[in-house]
Amino acid sequence: MTNLQESLRRELLRTNRSGAYSSSTLVDCNTRKYHGLLVVPVPELDDENHVLLSSLDCTVIQHGAEFNLGLHKYQGNTFSPNGHKYIREFDASLVPTTTYRVGGVVLKKEVIFQHYEDRILIRYTLVDAHSATTLRFRPFLAFRSVRQFTHENSTASREYQEIDGGIKTCMYAGYPDLFMQFSKKNQFVFQPDWYRGIEYPKEQERGYASNEDLYVPGYFEMPIKKGESIVFSGSTSQIKSSSLKKLFEEEVADRAPRDNFYHSLVAAAHQFHLRDRRSGSSAAHLDDNDDRYLLAGYPWFKARARDTFIALPGLTLAIGEQDYFEHVMKTAEKGLREFMEEKPLSVKIYEIEQPDVPLWAIWAIQQYVKDAGKDKGYEMYGQLVSDIVDYIIKGGHPNLRLDENGLLYSNGRNRAVTWMNSTANGRPVVPRSGYIVEFNALWYNALKFCAAMKADQGKAKEAEKLEERAVLAKQSFVETFVNEYGYLLDYVDGNMMDWSVRPNQIFAVALDYSPLNQQQMKSVVDICTRELLTPKGLRSLSPKSGGYNPIYVGPQTQRDYAYHQGTAWPWLGGFYMEACLKLYKRSRLSFIERQLVGYEDEMDYHAIGTISELFDGNPPFHGRGAMSFAMNVAEILRTLQLMDKYSYQK
């Protein structure tokens, strides 16, 4: 904790299921513009999150001597006031808890983000002290979008109003009030000032502007006795100060411990839950009519359609939460049907127009049917599967053409249409176009799944027609993608064939219905093992292929060119491990266990208790990008579930 080279790279994330979050490093030094104690959506302004309360510096005062426990990085590589040197212990197994020692003073700080309310709660407990002790709290305010910076200006309002246990203030019109309250009577001293030149090194690494000024309206001060606890609340709504201690206890009681790998993954899975309150339900009470989503990741991703369907089984079914699968699918189905019927979208799911989205929706439903049983699965989603397949066959999708050879064609030359979606100068870095390997693997799987469903429902003629389509698709798939070197071409567009060894071929093995024979499947898994496998998932490109660029660092353009050119992705590793189990059954269990160890180590290295967006493709495989990524967490959970299933098979 006292070694900043180690502690500043470790981040904490806490969310509230309503899109708001609290995040910083372990030593409370913000290193990203996305970090903040209270970061909330402000739908009245835009579709972004906004940092209201950036940080809260606590100062211990004894005998007139002040010991500031805060930490900020300023320009010129200067850290101040170096409060990290007082840290003696840190524990994040239940709620993040930091213990400070200043001479004879031992102060414990516990942080929790309230479920379903935009409220950060911090409890300070004076564990030990030998003389009179005073605490001083200095709030650093930003009131800005996570994508921007704030600088000293004359527009910011300095007005504040005293309320029960604290003050409320608002720096700019259009923003909600920020309510800062304590459970104990305190004195607020109005001492407005700007703290200038605060710097965010993560933004520097990413080639962005990296410094800002933060406004401090003054400070709160109060005495504290040995054994006493004081609770701070920072929120967009007022609360009775007398209820803060009880509320903190209730929130702690509602948390499951992150005491092992699996529990940490489950807690991380829950952080992607998002509930839209547009229906008018109160924040404190769940309403089954509310729209439910899965965020693609933190801190900057929204709910994206492809990510939703890929992550949904792992984040719900794999942890026994069938009901949340149904909630999210209810919202997603609404969006899918609106898109297919060319109606305006009423749900907040992005990129639903991407051509593989309906295919991934069928795959997600297929996992639900395996989990819930055919009767319930078909009753819930059979019509949707049937409608999606009909929609594709009839050519309803603007960028998904079913050709006479039974394969799906998509135009991705000028606009990225697959998950490999990085662009540079307005064009895809990897212009995957034509017959795309995973699109057609998913299509064959969808046809077979729908045909089996129709047969189970006694609709023999419909099943037979779908089977005929599947036979044609299978034959064309093998003729189009299988090459003489034993792996699959990534995409084929007329005379253009991409011979790059990429991980997208693994889906043709991992899916329940594969167009490949046993030998072809083994050949694909073998080449993925030799050229793509890392301890952090599959590389997006083989080191032997042209353009290999495995280190995701530097300015935006440099990172765009590396994004899918050799970086490793854990979610792809999930499908790889599924393919291994499918082919080799229990004999590969110990191998997969060793693969998962790499992720367990990762959970206390970057963002504590979760998995980063992507990793460098070369050792030491550093975590990069977003601090928490839904598809990665989902596929690791689904792999654990698959291991259980195969462990019990004879």
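# Close-up views of a predicted model

**View 1. Ser 55 counts as buried, because its relative accessibility is 7%.** Buried means under 20% relative accessible area, exposed means over 50%, and partly exposed lies in between, for a 1.4 Å probe and protein chains only. This is a predicted model, in which local features need pLDDT of at least 70 and side-chain atom pairs count only at pLDDT 80 or more, while totals for chains, interfaces and linings use all residues. Residues are numbered from 1 along each chain as its sequence is written, and side-chain values use heavy atoms, with hydrogens and water left out. Ser 55 is found in strand S4; helices (H or I, at least four residues) and strands (E, at least two) are DSSP runs, numbered from the N terminus. Leaving aside residues up to four places away in sequence, Ser 55 touches Asn 30, Leu 37, His 72, Arg 138, Pro 139 and Phe 140, where contact means heavy atoms within 4.5 Å. Ser 22 is 33 residues from Ser 55 in sequence, and their C-alpha atoms are 9.9 Å apart.

**View 2. Strand S3 (residues 36-41) is mostly covered, with five of its six residues buried.** Strand S2 (residues 21-25) runs antiparallel to S3 and is joined to S3 by two bridges; two strands pair if DSSP finds at least two bridges between them. Opposite Tyr 21 stands Val 39 in S3. S3 also pairs with strand S4 (residues 49-62), in the antiparallel sense, over four bridges. Here His 50 in S4 stands opposite Val 40.

**View 3. An open sheet is formed by eight strands, with antiparallel pairing, in the order S8-S9-S10-S11-S18-S15-S14-S13.** Strand S8 (87-91) and strand S13 (160-163) are at the edges with a single partner strand each, so one side of each has no neighbour in the sheet. On average, neighbouring strands of this sheet are turned by 15° against each other, direction ignored. Axes are lines fitted to C-alpha atoms, for helices over the stretch in contact, and angles run from 0 to 180 degrees between N-to-C directions. Strand S15 (residues 178-182) and strand S18 (residues 229-235) run antiparallel and are joined by four bridges. Gly 234 in S18 is the bridge partner of Met 180. Helix H3 (residues 244-253) packs on the sheet, where it touches strand S10 (105-113), strand S11 (119-128), S15 and S18, and its direction makes about 100° with that of S11.

**View 4. Helix H4 (residues 261-271) is largely enclosed by the rest of the structure, because nine of its eleven residues are buried.** The buried residues of H4 include Phe 261, Leu 265, Val 266 and His 270. Those buried residues pack against strand S1 (11-15), S19, S21, helix H5 (305-315), helix H15 (589-602) and helix H16 (630-647).

**View 5. The largest pocket holds about 830 Å³ of space.** A pocket is an open set of points on a 1 Å grid over the protein atoms alone, with protein on both sides within 12 Å along at least five of seven lines, and lining residues have an atom within 4 Å of a point. Of the 33 residues that line the largest pocket, Ser 18, Pro 41, Val 42, Pro 43 and Lys 348 are the closest to its centre. S3, strand S19 (273-276) and strand S21 (297-298) each supply at least two residues of the lining. S19 gives the most, with three residues.

Notes. On a 1 Å grid over the protein atoms alone, a cavity is a set of points where a 1.4 Å probe fits but cannot get out, and a pocket is an open set with protein on both sides within 12 Å along at least five of seven lines; lining residues have an atom within 4 Å of a point. Grid points are joined across faces, edges and corners, and a volume is the space filled by probe spheres set on the points.
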